[in-house]
Amino acid sequence: MKLLRRQIALAVTGLFLTGYTVMAADTPAAVAPAAIQHKNEIVQTETVPSLTKREKTTPAKKSRPIQIPVSEASAGTAVPVTGFISKDSGHPVTVTTGNRPAALFIASSIPGSANTAYADFTKKAYASYHEQMNFFVLQTGRTSKIENWLKEEAFPFPVLTGDYHLYTHSLPRLLLIDKNGVLRYRLNKDLPDKDVRDAFQDTITAPVPPDAAQRQKRLDTIVKEHHARDQELRSNDAFAPLSS
């Protein structure tokens, strides 16, 4: 009898433990508070954009517009002789009209001493060669100061308008173009008279030499050396001791 009661007690105890185990397995774990459950996560709100959104909305760096340099025609190469307009008549002008070479004074867009010096330089050449060449001044500015300067100079040859970039990068300048439309020289006002005369005679009478670019380079070197000497002289004068 005692043995039977003990067996019943053990059976009841086993059933109780089994039920507890099942109940413990089926019972969901207690949900942790939000602050604890997401402790290691980045909480995103509407006011804090995600990394993905940030990548999409980051403004791209502004790139500079591509600038294509305008190449300057080399001495000894053909250049356009049309595309110019007479300021007085408004008609197109061919600078080599009459099968003649052309002297084209390209003025600066800023009136001043340099423009005036080149105007005198060109007028002097005009007095010597106007019977053998066509002379023009190309206006590059449109301001009232330029207009007044042109009136004051009263050039004895036509004033033109048009693009100048292919012909020279330096303004002002006097260009010589032969009758076949080949650029022969870019003359600087500070060249020695002999070099100026030779350049005009070559343009008027001689065919294009094979060393045209080298001749232009030689003239440019002469001008650079002249300017360097002037700069040195001005520097020496500035620091010369005063005479007693």
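In the predicted model, Asp-195 is buried, at 12% relative accessibility. The side chain of Asp-195 meets that of Arg-218 in a salt bridge with an N-to-O distance of 3.4 Å. Arg-218, at 45% relative accessibility, is partly exposed. Because Asp-195 belongs to helix α6 and Arg-218 to helix α7 (residues 212-238), this pair ties together parts that are 23 residues apart in sequence.

A salt bridge also joins Asp-202 and Arg-215, whose closest N and O atoms are 3.0 Å apart. Here too the partners lie in helix α6 and helix α7, respectively, 13 residues apart. Asp-202 has a relative accessible area of 18% and is therefore buried, whereas Arg-215 is partly exposed at 29%. Asp-202 and Arg-215 are linked with Asp-211 in a network of salt bridges.

Nine salt bridges are present in the structure. One of them connects Glu-72 and Arg-186, with 3.8 Å between the closest N and O atoms. Glu-72 is located in the loop between α3 (51-57) and β1, and Arg-186 in strand β7, so that distant parts of the chain, 114 residues apart, are linked. Arg-186 is buried at 10% relative accessibility, and Glu-72 is partly exposed at 31%.

The sheet is open and consists of seven strands in the order β2-β1-β5-β4-β3-β6-β7, with mixed pairing.

Aromatic pairs number 11 in the whole structure. In one of them, Tyr-126 and Phe-135 are arranged edge-to-face, with 5.3 Å centre to centre and 90° between the planes. Phe-135 is buried at 4% relative accessibility, while Tyr-126 is partly exposed at 21%. Both residues belong to one aromatic cluster, which also includes Phe-105, Tyr-118, Phe-121, Tyr-129, Trp-149, Phe-155, Phe-157 and Phe-200. The charged end of Lys-123 sits over the ring of Phe-155, at 5.2 Å from the ring centre.

Asp-88 is located in the loop between β1 (84-86) and β2 (92-93) and is exposed, at 74% relative accessibility. The C-alpha atom of Asp-88 is separated by 7.4 Å from that of Val-159, a residue 71 residues apart along the chain.

How values were computed. Residues are numbered from 1 along each chain as its sequence is written. This is a predicted model: local features need pLDDT of at least 70, side-chain atom pairs count only at pLDDT 80 or more; totals for chains, interfaces and linings use all residues. Side-chain values use heavy atoms; hydrogens and water are left out. Helices (H or I, at least four residues) and strands (E, at least two) are DSSP runs, numbered from the N terminus. Buried means under 20% relative accessible area, exposed over 50%, partly exposed in between (1.4 Å probe, protein chains only). Rings of Phe, Tyr and Trp (its six-membered ring) pair if their centres lie within 6.5 Å; planes under 30 degrees apart count as stacked, over 60 as edge-to-face and the rest as tilted. A charge sits over a ring if NZ of Lys or CZ of Arg is within 6 Å of the ring centre and within 35 degrees of the ring normal. Two strands pair if DSSP finds at least two bridges between them. A salt bridge is a side-chain nitrogen of Lys or Arg within 4 Å of a carboxyl oxygen of Asp or Glu.
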